[in-house]
Amino acid sequence: MIPLSWYLILAAALFCIGLYGVLGRRNAVAILMGIELMLNAVNINLVAFWRYLTPALIAGQAFAIIVFAVAASEAAVGLALIISIYRQRSTVIAEEIDLMKW
Amino acid sequence: MTLLQGVFVVTALAAVISAVMVVASPRLVHAALWLVVTLGAVAVLFILLDAGFLAMVQVVIYIGAIAILIIFTVMLTRRVMADSGPQANRAWWLAVFIGIVMFAALLALLAQMPTWWQATPPPLAASADFMIEDLGKSLVDLDRYVVPFEVASVLLLAALIGSIVLARPPAETTGKTGPE
Amino acid sequence: MITDPFTFVGDLLREFLIGLGLTPPQASGVIAFLGAGALATAVLLLCFLLIWAERKILARIQDRIGPNRVGPFGLLQTVADFAKLLTKEVVVPSGADKLLYYLAPPLAVMAVVGLWAVIPLAPNLVGTDVNVALIYLISIGAIGTLAIMLAGWSSNNKYALLGAFRSVAMLISYEVPMVLALLVPTMLAGSMGTVAIVEAQRQMWFVVLAPLAAILFFTSSMAEAGKAPFDLLEAESEIVAGYNIEYSSMAFGMFFVGDFLHGFTLSALTVTLFFGGWLGPYVDQYSWLGLIYFLAKTAVVYFVVIWIRGSLPRLRIDQVNSFNWKFLVPLALSVVVVTAVADKSAAALGWDRTLALFVANGLLLLGTVIALQLYARSQRRRFERSRPAAAPAPAR
Amino acid sequence: MTTDLLIWLIPLPPLLAFGAILLGGYRSNRLSTWLAVAAMVISWALGLFVFAQAVQTEHLGANPFTSSIPWLPLGTSVIEIGVLIDPLSAITLFFVVWTCLAIFVYSIGYHNFGKPRDVQDVPGLPPRASGIEPLYARFFAFISLFAFGMLTLVVSDNLLLLFIGWEIMGLCSYLLIGFWFGRESARKAMVKAFITTRVGDVFMLLGMVALYTATGTLNFQEILRSPETLNRLAETPAILGLSLAGLIGLLLFAGTVGKSAQWPLHVWLPDAMEGPTPVSAMIHAATMVSAGIYLILRFFPLLTVGWHPGEPLTTTMAVIAVIGAFTALFASTIAVAQNDIKRVLAYSTISQLGYMVAAVGIGAFVAAAFHLVTHAFFKALLFLGSGSVIHGMEHGQAASSKSAALAAPGQAGPAGAPETHDHVDAQDMWNMGGLRRRMPWTFYTFLIGGLALAGFPIVTAGFWSKDEILSSAFGQGQPVVFVVLAAAALLTAFYTARQIGLTFLGKPRSAAAEHAHESGRVMLLPLVLLSLFSIAAGWAGIHHEFPVIGGAIPNFVEEFVGQALAERPEALPFAFPPLLTSLVVSLGGLGLGFLVYRNLPRGATDPLARWLGPVHGLLRRKYYFDELYDFLFVRPAYWFAETFVYAWVDRKVIDGLLHGVGRASLRLGAWLRRAIDLPVVNGFGDLVGETTKAAGSAFRVIQSGRVQAYLAAGLLFVGLLLSFLLLVKP
C-alpha cells in the first residue's frame, strides 16, 4: 500500500513549487495560480492525515471543503482585483503595482 | 510495487511535473492549462484516499470554476500577455532558494512524525454513503463545524459582493447602459 | 426466456475471460473497459439517427419535407454528410496554438459522452454506480466548458474568442440554477447516485413531486447544451459561428456531434432524474423492458427539445444572463427551500408526501406568477413615467 | 395559553404600534393608521377575551387572575412587576378597550384621512376644512402610547406600575393637548395641565413612598386583601390626628384630585379642550380622568378601613366626600354659563367625576364603579358627538365662504369679504342651532348621550348609575351630600338641555350652521356604538327591588363588582325618596332647559344672564379661579424667578463666582504654560516626534510596495523563528 509519507512528500513538493510561483513570477495571475497550488497541497495534507490518522473523525474532509470555499473566494476577489487593476493601469505585472510604497 | 502504488506514482509525477510547468511555462494560457492537469491529478489522489466526494468537488470547483476564471482573466488581459518577456522576476533565485529550504524544512519536520512510515491506512469505519452523510451533518452540527462552515459562507458572500463591486464599471459609464 | 439479458451477457463474458486464464478482478476490469467502449460507441452511433431525426422534425415544423434523397426517408443523409466532412482538409489557422487547437474537439465530445457513464439505462445496466453521480455530472460539464474556451482561444480569431467568452459566461451562469435544481432530486431520494434516484421514483416520479425543479433543470440544461433558444454561442448572424468558426473537416464534425449528442443527453438526464428513468410496468420481470422504457421516454423529451428549437426565437446575451440571475437563480433557491420544508414537514406531520410537495410547488408557482406580475407592472410604470404616453416606444 | 399570560399582552400592541410609527411608519399615513388601529383591535380582542374569562370565573374577587415576575431588586426586597385582573380592573378594562377602539376609529375620520393634504395647512395648526391633518401619523403614535399607558394602569398589580402608566398618560395628555402647538392657547393649556396634575402627582408619590415604608410592598393584593396590614396601618398614628392609613389615603387621593380634576386642581381640564376632540373624548373624559377614580376605587379598602356602613364617616372619607360633592355642584354651576360646546362638557366631566369621588367618600364602592363605567361611555359619546358637530361646522364654514365667494366674485379680496363668511367660532354654541336637520345621526346619538348625562329615567345608563349614587347617599345617612348631589343633578339636566337646545334645536344662527353637513361613516360608527353602550350599560346594574323591572335582569354590577372587596358590601335596601328625587331633578332640569333654550333666534343673548345678573358673570368666569391661581401662584412664581433667582442669585452670586474662578484659572494656566508646558512637555514631545521621523526615513526603504518582497521577507522571518523554535530551543 501507499505509505503516508509519499502523500506528504508530494504535498510538500507542490507547496514549494506553488511558493516559488508566488514569489518568483511577475504576472499577478501566475501568482494566483501559485496560491492555488499551495492551497491544493494543503488539501492533500488534510485529506491524507484524515485517511491515515483519524478516519473516524470527518474533520479532515470538512476542512478541505472549507479550504475549497476559501480558494473560490480568493480566486473570485483576486481575479476581480487583477482585472480592475488592469483597467486602471494596463498592467498585471506585480512589480509594477507598487503604489503603496512609502 | 503494487498496482495502487503504480497509480500513485504516475499521478504524483503528473502532478509535480505539471505543477513545475505551471510556474515555469512562459505562456500564461499554457500555465493555466497545466494547472488544470495538476488539479485533476490531485483529484485522482483524493480518490486514492477514499474521498470520492472531495475529488468530484475538486473537479467542479477548481477545474469548473477557478481554472476557467483564471483562463478568462488571462485572456482578458491578453494584450500584455502576448509579449512573452521574462516571466520570472529579478529575485527568482531567492524564490528558488526559499522554495528549496522550505521543502527541506517541511520534510525534516514531517519526518519526525511517528506515523511517517505508516504504510496502510486503517480500515474505514463506515461506507462511502454514510461518510458523505456524516460530512454533511458535521457541517451543520452545532457541536462540530457549523461555525467554520458559516464563516466560510459569509466569506463567500463577501467575495461575491466584493467582486461585483470591483467589477462594476466606473460611475460615469453606468449611465450609458441602456434600459434593458 | 432470459429475464435479465444484461447480467446474463456480463456473466457469460466473465466466465469466458476467466476461462482464458485471467483472475476475477482482471476480468472485471476488462469487462468494464469493454462496456465503456461499447457504451461510447453506441452513443456516438446514435448521433446519425439523432441528426436525421432533428432535421426531419424541424423540417416538418417548418412545413418542409427535410432530407429525403439518400436512403429510405433520407436516413443515410447524415452518413453522407459525415463522409463529406471526413474527406475535407483540416485547416489550421496561422498563429493558432496547435496543441490546444487539436485538443479542444475531442474534449468537447468527451464531456458529452462521459455523462453517459452514470446514466442507468436499465436495471443492472449502468456504466458506474457512484454515490456522487450528480456532482460527477457537473464536473464533466466543466470539462465541456473548458473545451469551448480552448477552441475559442487557440483559433487566434477574434470572433471565435468572443463566442467562447459569451458561451463560457453563459455556461458558468447556468450551472448555478442547474446545481440548485439537482439538489431537489438529491433531497427527495436521499442520495446523489443516479441508480438510487431512479429507484426512489418507484412510488412517484419526481416530476410530480417537484415539477418546478424539473422545469428548472430542463431549462438550465438546455442552456448548458446550447440548445435553442439559448443557442447564441453560435449565432451565425452576430458572431459568424461562434467558437468553432475556424474548425473544418472532422474537427468541426466533433463539435457538431457533441452538440447534437448533448441535446439527447440532457433528455436522458431529465428522464433519469425526474421521469423515473427505466421504470415502467413489468420492468422487474423483464429487465430489457427498462431499456425500451428509458429510450422511449428520452425520445419524447428529445422531441420537446427539438420542438422548442423550432418554435422559440433566439435570446440576446443580456436577456440570457438577466433571465438566469434575476429569475432562474432566485426561483431555484426558493424551490430548494420550499421542497426541503415541505418534505420535512410532510414527514413530521404525517401528510401525504406527494400531495404536500405538489401543493407546495403549486403555491410557489402561484407566488412566482404574482411576483412576476408585480415586477412587470412596476417596470411598465417606470417605463411610462420615463417616457410620456404620447410617444409610444418603437418596436424592437 | 392561559389567561394570566394573555393579560400581559394586552397593553403591548399599542406600544409596538407607537414604536413602529415612530421608527418609520410615520412616512405613510395609511400605514400609521393600520398599525395603530390594528394594534388597538388586538388589544381590544384580548381585553374582551380576558373580560369574558373574568365574568365566567366564580369568586374572581377572591382568586383574581394574576401573574408576576421580579423586576427591581431593591436591597433586601424585590419589587415585582405583574398583572392583575379582578372584578374592578375587569370592568375598567371593558370600557377602556371599547372607548379606546371607538375613538381610534373616530380619529381616522376626524383627521380627514384619505383627503389630499391642503397646501395651506401648517403642521401644528388645525387643518382647514377638508385637508388631512399635517401631523396625522404623529397623532396616532401619541394615542397609541396613551392606550398603552392606560391599559398598563388597568392591568397592573402594584402601585408602582400603575404610577408608570399614570405618568405615561400624563405625558401623552401633555403632548396631545398641545398637539396643535401653533396656537398660543394650546401651548399654555398643555403646560397648565402638566403642572397642575404634577401637584397631585407629587402628593401621590409621597403617599406611595409612605405606603412602601409602612408595608414594604406595593402590591395591591398584599396590601388591600390582608386585614392585618390594613388594621396595622389604621392603628398607627400619624400627624394631625390621622392614622397612617388615613394619611396615605389622603395623599393618594391628592393624585386623584389632580388627575380627575377635582376642586381645587380642576382648572386644567377645561383648558385641555384645546386638544383635538378625540383626545378630549378619550383622555379627558373616558379614560385618563377615570384613572383617578380607578385609583381611589382600587384603594377603597385602605380609605375606608375602620369604617362600617351606617357609622359616621372617618376624616379621610369626609374629606373625600366633601371635595367630591362640592366639585360636583361647583362644576355644574360653571357649566350652566359656558358657551363653548366642549367646555360645557369639560365642566360636566368634572362634575360627574365629583359624583364618583363623593360616592367613594360615602363608601358607595359599587355605585362609584358603576357610574365610572356608564360615564365613560356616555361622556365619550358626547365628546365625539361634539367633535362631529364642530367638524360639521367647520365644513359648513368652508362651504359657506366658498359659496359666498362664488356668489360675489367681483368683490374685493379676503379683506372686504361680507359679514356672513367672517370666521365664526365653530365651537361656540351660540353660532349653532338647528343642526338637528343637517346632522341627524349626530343629533340622535348626542341626544342619547345627553339624556344619559342628565339621567333621563329608565332608558338611559346614566339614570341607573346616578340613582345608585343618590340612593347610596340617602341610605348611608348623608343628607348633606344627598342634597348637594341632587342639586348638582338638577343643574346637570338643565345645562344638558341647554346644550342640546342651543346646538341642535331652533334655527341656524350662523352661515356655518346653515351649511353644516353630516360627518362621514367612519365617525358615525363609533357614535352609534357608544350610544348603544350609553343605553345598555345601565341595565347591568338595576336594583333588584326596583318597581316593575327590578329583578328582571340580574344586578350584574352589584354581584360582580362587589366581590372586588374582601368584605362584600351589602346591597342597600331600596328606597323611594332618592328615586323620586332623581326623577324630579332630571325631568325638571331637562324640561326647564328645554323650555328656555328650545328655539332661540340669531343674535339672542342668554336669558340666564338676564335672570341671574352678576352671578352669571361670576359663573362665566368660573368663579375667577384662573385669575385667583394666577395671582396666588403664577405671578409670585414669575416674580420670584425674575427678581430673586435670575437677577440676584444667577447674575450676581453664581456668575460672579464663576467669573472669579475663571480669571484665577486663566492666570494659573498662563503660568503653567510658561513654566512647564513649553520647556518640558513640548520638548519631550518634539524629541519623540523627531526620533520617529528619523527612524521612519531610515526604515522606509523596506516598504517597496511589492507584494512579493513582503511575502519573501515574512517567510524568511517565519523560517528563522521556526528554526529557532525547533533547533535551538529544545
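Me: Among contacts in chain B between residues at least 6 apart in sequence, what percentage join residues at least 24 apart?

Reply: Two residues are in contact if their C-beta atoms, placed from the backbone, lie within 7 Å; in chain B, 47% of the contacts between residues at least 6 apart in sequence join residues at least 24 apart. This is a predicted model, in which local features need pLDDT of at least 70 and side-chain atom pairs count only at pLDDT 80 or more, while totals for chains, interfaces and linings use all residues. Residues are numbered from 1 along each chain as its sequence is written, and chains are lettered from A in the order in which they are written.

Me: How many helices and strands does chain B have?

Reply: Helices (H or I, at least four residues) and strands (E, at least two) are DSSP runs, numbered from the N terminus, and chain B has eight helices and zero strands.

Me: How are α1(A) and α2(A) oriented to each other?

Reply: Angles between N-to-C directions run from 0 to 180 degrees, with axes fitted to C-alpha atoms over the stretch in contact, and those over 145 count as roughly antiparallel. Helix α1 (residues 4-24) and helix α2 (residues 28-52) of chain A pack at about 165 degrees, their axes 7 Å apart, and are therefore roughly antiparallel.

Technical notes. Angles under 35 degrees count as roughly parallel, over 145 as roughly antiparallel, 65 to 115 as roughly perpendicular and the rest as oblique.
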